[in-house]
Amino acid sequence: MADSILYFDSPAEAFGEALPLGGGKLGAMVYGGVCEENINLNYDELWTGFPREENRKDAAEAYRLARELAYAGKLRAAQKVIETKIATKSVQAYQPAGDLKITRKNGNFREYGRTLRLASAAANVSYLQDDVRFEGEYFVSAPRDCLVIRYAANRKGAVSFHVGYTCGLRHTTGCAEDVFYADGECMFDSQPNRSDFRERNKLYSDKDEERGIRFRVAVKAIAQGGTVTVDNKGITVENADSAVLFAAAESSFAGFDRHPFLNGKEYENAAIEKVENAAKENYDRLKKEHTDDFSRYYNRVSLQLDGSDRSGLPTDRRLKAFEKDQNDMGLYKLLFDYGRYLTICGSRPGSQAMNLQGIWNDMIDPPWCADYTVNINTEMNYFPTLVCDLAEMQQPLDSMLTDLSVRGQAAARDYYNARGFCLHHNTDIWRACQPVQGCAQWLFWPLAGGWLCRHLFEEYEYTLDDTFLRETAFPIMESAARFYLDVLTEDIDGYLIFAPSTSPENKFLYRGRTCEVSLTTTMTMSIIRELFENVVRSGEILQEETEVIREIRAALPRLLPLRIGKNGRIMEWYDERPDAEPHHRHVSHLYALYPARQITPEKTPKLAEAAKKSLEGRGDVGTGWSLGWKINFWARLKDGDHALKLIDLQLRPIPARKSEANYVNGGGSYPNMFDAHPPFQIDGNFGATAGIAEMLLQSDGETIWLLPALPKKWAAGHISGLRAKGGAKVDIKWKDGHITDYAVHGGKPCRIVKCR
């Protein structure tokens, strides 16, 4: 089976056809044009806005009123209070760093090829023009935080081009000796806030205290032969044998609590120093440094599925062929490897966590602000990280949660008069924690802190790093638990619940009309229960018995349990209610099945059967990320054939064009394999990779299941390097649907269960 490669026989005409590169902080999209070439740039610190206080100081009283109304059965009245007296401004938006525009002489071209080799994280473009073979090689070096491009030809003096810059943000251009640069500024506020508030036409401010993040993009060229000219419009290379471009960015962002204009970091010289330092190094050594750095992560895991392979087809045509005939085992491998590739490119120690689009965005007003949507999407970005042995790449998420545990203390106090910290449905680089404007079904959901804490504890489960647990994870988990302890109240049966509550972005029918607020919800209680249990387990591991742990021990037996409705499904709401959207994209009430392990076929067979009926009722069709989540649900239920059905749906080809947001269905893959919500959201890529891993290996720290959800179609193959909870690395080989060999390397002793 061929290595995982994206391949096209024509230049990209749209974002969903371009090739993504990344080094953690710096992202690039390679279109590979001939006469006119476009390279989108992103830098992960470019966001609208600046630190500001958005909390409503009267919100705690409004919350108490909403709770009283919910207990009295006046759910719509509670919803109205939430939407009018608790909601506030939206979070800020991720913004692009602009585009490099590379122009060359016009002319016909042929024998065109554009590839992205995942194993080396390098893109290549090759074509014939006037019988001259031109080649371009592109990579983003994480060690250098720099985009490196080499243009060459098989005829001396044939390499000539001009490099310019465009950006939808306010910017100026200039040059410093042999470096061209562009200085830009991010906008004053995000599009939802500009649309709904008095500042609707205000993109930038003249007041220093309202100025946003500033940034510089620097570009330098070195040529073999020919000439290089630099001015304030760009760089011109003429009649060279070959040329290397270096592009880097830096911003004034200095932290979520520091004003980027009044108290920002130095960025102008820093951007220039990056390209200057990279340009001092020999190109071949730069490439080797990059390849060695990337491959030490990428090569940790290897998947092979025996069978047919259409890797010789351009990727866009390969996806179309797969729609008619799913007999392409190599495409499943490509999908799995692509999620690992994007993780290594998009999330490195010291970078920001991956948002809705990772580090690949070409719009100043991207869909959903390309923010951190933390009611599943941000979490899904990190679903495959630990099992695919990339624990280092979770550091940005850990760092963000550390910030949020500080910033979220004000939200817990102002909205709930509670201890600890809380986080609602969205956040951004400023670590906003408030309930955003809009409908209760998304704005009123202070459970994100609890969900994100599971990533902290799971990191311990995979790494067994006691220092990380003691110094980083446990204090944050305990703070999140304090918040939930303070907001729990008794229901009529004496159970402790968080009231009122929502089930993310869903609604039900109540007295003939839709309603979004329930007395409590299954997802709410599942997250709280899991967090409480993980805090207690952490205390036992660390041999600590804190006051919070004692409070949790008293509360745990009283939490409202999972319940099965009359229809045989897991109940989503406090009372049995008919679904307003029976096939809704969110399946939040099955959080206990995945990512949690409160429902398993082994220990809770009745709940597992009810979860299966819930999935059948929800249906298979969904948005891109929804398909990714459902793959993992079916894998956890050990139904590999149904999980594969969802993977096949996720590989449906979606045209690469700007499309309207589709909340209900239509998920699939763009020609460059980016996940289509549609529009583009990167979380589905990670959900699919995690799902494939879940089909081949499951673990809980005590037991390791080998091939627990192997589809009949994947009759033979091998996987090596997956991590299990408990620290082990696992290799598995199988043929005719049965394990022929396996090895468990390191880790604590666990029971091994061969499922095939």
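## Close-up views of the predicted model

**Figure 1. Phe498, with a relative accessibility of 1%, counts as buried.** The view is taken from a predicted model. Phe483 is likewise buried, its relative accessible area being 0%. The peptide bond that runs from Ala499 to Pro500 is cis, with omega near -15°, and Pro500 belongs to the loop between strand 21 and strand 22 (508–510). Glu505 is also found in the loop between strand 21 and strand 22, where its phi is near 65°, a positive value in a residue other than glycine. With a relative accessible area of 12%, Glu505 falls within the buried class, because that class takes in residues under 20%.

**Figure 2. Aromatic pairs, of which the whole structure holds 38.** One of them is the stacked pair of Tyr112 and Tyr127, whose ring centres are 6.3 Å apart and whose planes make an angle of 15°. Tyr112 belongs to strand 6 (residues 110–117) and Tyr127 to strand 7 (residues 122–129), so the pair ties together parts that lie 15 residues apart in sequence. Tyr112 is buried at a relative accessible area of 8%, and Tyr127 counts as buried at 4%. A second example, the pair of Phe483 and Phe498, is edge-to-face, with 6.2 Å from centre to centre and 75° between the planes. This pair links distant parts of the chain, since Phe483 sits in helix 12 (residues 466–487) and Phe498 in strand 21 (residues 496–498), 15 residues apart. Elsewhere, ring pairs join Phe15, Phe294, Tyr298, Tyr338, Tyr341, Trp360, Phe674 and Phe680 into a cluster.

**Figure 3. Packing of helix 12 against helix 13 (residues 522–542), whose axes come within 9 Å and cross at roughly 140°.** This angle makes helix 12 oblique to helix 13, and helix 12 passes helix 13 in a left-handed crossing. Residues of helix 12 that make the contact include Leu469, Phe474, Met477, Ala480, Ala481, Tyr484 and Leu485, while those of helix 13 include Ile528, Leu531, Phe532, Val535, Ile541 and Leu542. By class, the residues in the contact of helix 12 with helix 13 comprise 13 nonpolar, three polar and three charged.

**Figure 4. Packing of helix 16 (residues 624–636) with helix 18 (residues 683–696), at an angle of about 10° and with the axes 7 Å apart.** Helix 16 and helix 18 are therefore roughly parallel to each other, and helix 16 passes helix 18 in a left-handed crossing. Helix 16 contributes Gly624, Trp625, Gly628, Ile631, Asn632, Ala635 and Arg636 to the contact, whereas the residues from helix 18 are Asp683, Gly684, Gly687, Ala688, Ala690, Gly691, Glu694 and Met695. The contact of helix 16 with helix 18 divides into six nonpolar, six polar and three charged residues.

**Figure 5. Backbone geometry at His677–Pro678 and at Leu707.** Most residues other than glycine have a negative phi, and most peptide bonds are trans. Leu707 has a phi near 50°, a positive value in a residue other than glycine, and lies in the loop between strand 27 (703–706) and strand 28 (717–723). The relative accessible area of Leu707 is 0%, and this residue is buried.

Key: Residues are numbered from 1 along each chain as its sequence is written. This is a predicted model: local features need pLDDT of at least 70, side-chain atom pairs count only at pLDDT 80 or more; totals for chains, interfaces and linings use all residues. Side-chain values use heavy atoms; hydrogens and water are left out. Axes are lines fitted to C-alpha atoms, for helices over the stretch in contact, and angles run from 0 to 180 degrees between N-to-C directions. Helices (H or I, at least four residues) and strands (E, at least two) are DSSP runs, numbered from the N terminus. Angles under 35 degrees count as roughly parallel, over 145 as roughly antiparallel, 65 to 115 as roughly perpendicular and the rest as oblique. A crossing is left-handed if the near helix is turned anticlockwise from the far one by less than a right angle, and right-handed if clockwise. Contact means heavy atoms within 4.5 Å. Ala, Val, Leu, Ile, Met, Phe, Trp, Tyr, Cys and Pro count as nonpolar, Asp, Glu, Lys and Arg as charged, and the others, Gly among them, as polar. Rings of Phe, Tyr and Trp (its six-membered ring) pair if their centres lie within 6.5 Å; planes under 30 degrees apart count as stacked, over 60 as edge-to-face and the rest as tilted. Buried means under 20% relative accessible area, exposed over 50%, partly exposed in between (1.4 Å probe, protein chains only).
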